[in-house]
Amino acid sequence: ARSMFDEVGEADLTGEIGKQDTDAFLRTLADELTSLPKSVAGNPVKAILYVLNTRFRLMGDHFRAQCVRWTEHLRRGKALIAAAVDPRSYLPSRGETLQLTSENIAALKSYFLNHTGNTDSVMGDLLRAVKELFQGVYPNQLHPILEVRSFFAGLCEKLGSRLAIQAYLTPHKDLIGSSIALYLLESGSNLAVARTLFEDAVEDTDEIGYKKVTGLKARASGKPIVAFLETNSDALRSIETIREALAGYRHLPSDDDANMLFLLTKGSHLQAVKADWFREWFKGQIRTIDGLSALELTPNMLRPSVLLQAALEQNGRFRKAIMLAQHGESVAGSYYFRFPVRFLHDAEIRSYMTTAETIAVHRLPDGATYLNISQEEFDVRVAAVKNIGLGTGCKNPDAKPGHEGATCDSPDCFNCPNVFLIAEPENV
């Protein structure tokens with residue numbers, strides 16, 4: 001299987017995912033194929049499916065665990081805020097919208113320096129203060145007020161990292177990245193579509209148990225890319241969690257990013273996910289997954305792999321893969337007609353040819369000689385052909401429509417008016 005991919009894989013893959021990613025794909029494939037179980041090692045199709053399924057299982061388990069971890073983190077933050085003290089009770093400058101005045105900063109510092117509650121109480125009060133005074137974004141070292149910078153940096157030393165505290169308020173970067181990765185694995189979409197999903201991308205559908213996720217493909221003039229995901233799928237659950245968590249923060253990104261589903265905290269605002277960020281984040285996650293850490297996997301490998309898996313699991317038929325990819329048949333081949341699929345088709349054709357040859361000569365006393373095989377091999381072939389008691393005959397082999405006068409040598413009897421059915425009642 002490795003030698004076959006070396007022979008044809010590079011030509012097939014380079015145009016789609018780039019020379020560098022292609023080389024990495026072939027290297028990782030070669031590494032994995034050397035440790036295949038014996039049950040699949042002798043079959044290229046089973047070998048490739050084994051590799052793909054193993055990769056998807058390991059990645060899926062890892063990204064689901066990340067989503068569970070950081071979703072629970074968000075829920076805990078929500079509970080802490082619900083039990084927290086309203087900052088208006090200890091800040092002198094009150095109002096519907098709290099202002100970051102010098103009096104309020106002084107009162108804020110005094111309140112936390114003299115706080116007598118437990119860690120959860122302190123954390124809850126801090127989160128609510130950040131939400132009310134700083135629009136839900138924990139102040140970092142770039143905040144313009146030195147007093148604020150130093151005070152909140154000191155709180156981090158006692159309560160945990162800024163990233164962990166911020167993750168109580170807005171989705172952690174690992175939740176955002178893992179949600180995108182699960183969407184890629186479940187939908188077969190590409191990264192450009194996944195990271196630019198709009199906030200309202202998820203819709204109800206008439207299909208019970210499914211929801212529709214609609215993205216846009218910029219490279220195809222904004223063509224809508226639709227994926228139907230199970231309502232209880234991991235990707236959809238994480239998407240719903242992120243959308244709910246960011247509902248109160250849509251005023252923080254720029255106008256261009258305000259409607260994006262996936263938003264990352266950066267400085268004092270939120271921004272859409274960049275391709276470079278996700279690529280580096282994804283590779284960093286792969287390095288932490290046992291069984292994949294030594295492989296140079298990239299996000300660009302996911303879509304072709306998902307579509308190839310769909311084609312192979314359908315015995316080389318493209319309909320499921322075309323549906324997932326939302327391609328026309330004119331571009332289907334470049335994605336799915338890889339060497340494993342060609343192998344499947346070749347195997348089917350060879351099987352048909354072997355059967356046809358065997359049936360044609362099986363009653364001849366020297367049939368094995370006609371096929372240039374041993375009698376033992378011929379007997380195995382005959383035994384493998386199931387006797388259904390039906391066959392065809394020809395009324396006139398010299399009268400095929402359009403070829404009258406010439407002896408017919410075409411095998412398409414099913415489509416000829418001269419054919420008649422031969423039945424052996426005892427075998428039917």
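## Helix 4 against helix 12

Helix 4 and helix 12 (residues 275-286) pack with their axes 11 Å apart, at an angle of about 110°. The two are therefore roughly perpendicular to each other (65 to 115 degrees counts as roughly perpendicular, under 35 as roughly parallel, over 145 as roughly antiparallel, the rest as oblique). Axes are lines fitted to C-alpha atoms, for helices over the stretch in contact; angles run from 0 to 180 degrees between N-to-C directions. Helices are DSSP runs of H or I with at least four residues, strands are runs of E with at least two, and both are numbered from the N terminus.

Helix 4 makes the contact (heavy atoms within 4.5 Å) through Met-59, His-62, Phe-63 and Gln-66. Helix 12 answers with Trp-281, Phe-282, Gln-285 and Ile-286. Five of these contact residues are nonpolar, three are polar and none is charged. Ala, Val, Leu, Ile, Met, Phe, Trp, Tyr, Cys and Pro count as nonpolar, Asp, Glu, Lys and Arg as charged, and the others, Gly among them, as polar.

## Basis of the model

The model is predicted: local features need pLDDT of at least 70, side-chain atom pairs count only at pLDDT 80 or more, and totals for chains, interfaces and linings use all residues. Residues are numbered from 1 along each chain as its sequence is written, and side-chain values use heavy atoms, with hydrogens and water left out.

## Helix 6 and its partners

Helix 4 also meets helix 6. Their axes come within 8 Å and cross at roughly 90°. That makes helix 4 roughly perpendicular to helix 6. Helix 4 brings Arg-76, Gly-77, Leu-80 and Ile-81 to the contact; helix 6 brings Asp-120, Met-123, Gly-124, Leu-127, Arg-128 and Lys-131. The classes are four nonpolar, two polar and four charged.

Helix 6 (residues 119-133) and helix 7 (residues 146-159) cross at roughly 150°, and their axes come within 12 Å. The crossing is left-handed (the near helix is turned anticlockwise from the far one by less than a right angle; clockwise would be right-handed). Thr-119, Val-122, Met-123, Leu-126 and Val-130 of helix 6 touch Phe-152, Leu-155 and Leu-159 of helix 7. Seven residues here are nonpolar, one is polar and none is charged.

## Cavities

The structure holds three cavities of 30 Å³ or more. On a 1 Å grid over the protein atoms alone, a cavity is a set of points where a 1.4 Å probe fits but cannot get out; a pocket is an open set with protein on both sides within 12 Å along at least five of seven lines; lining residues have an atom within 4 Å of a point. Points are joined across faces, edges and corners, and a volume is the space filled by probe spheres set on them.

The second largest cavity has a volume of about 60 Å³. Its lining is Arg-55, Phe-56, Met-59, Phe-282, Leu-297, Thr-298, Met-301, Leu-302 and Ser-305. Helix 4 (44-82) and helix 13 (302-313) each give two or more of these residues. Helix 4 gives the most, with three. Six lining residues are nonpolar, two polar and one charged. Met-59 and Phe-282 also belong to the contact of helix 4 with helix 12.

## Largest pocket

The largest pocket holds about 890 Å³ of space. It is lined by 22 residues; Ile-359, His-362, Leu-390, Gly-391 and Thr-392 are the closest to its centre. Helix 16 (339-361) and strand 6 (390-394) each supply at least two lining residues. Helix 16 has the largest share, six residues. The lining divides into 12 nonpolar, seven polar and three charged.
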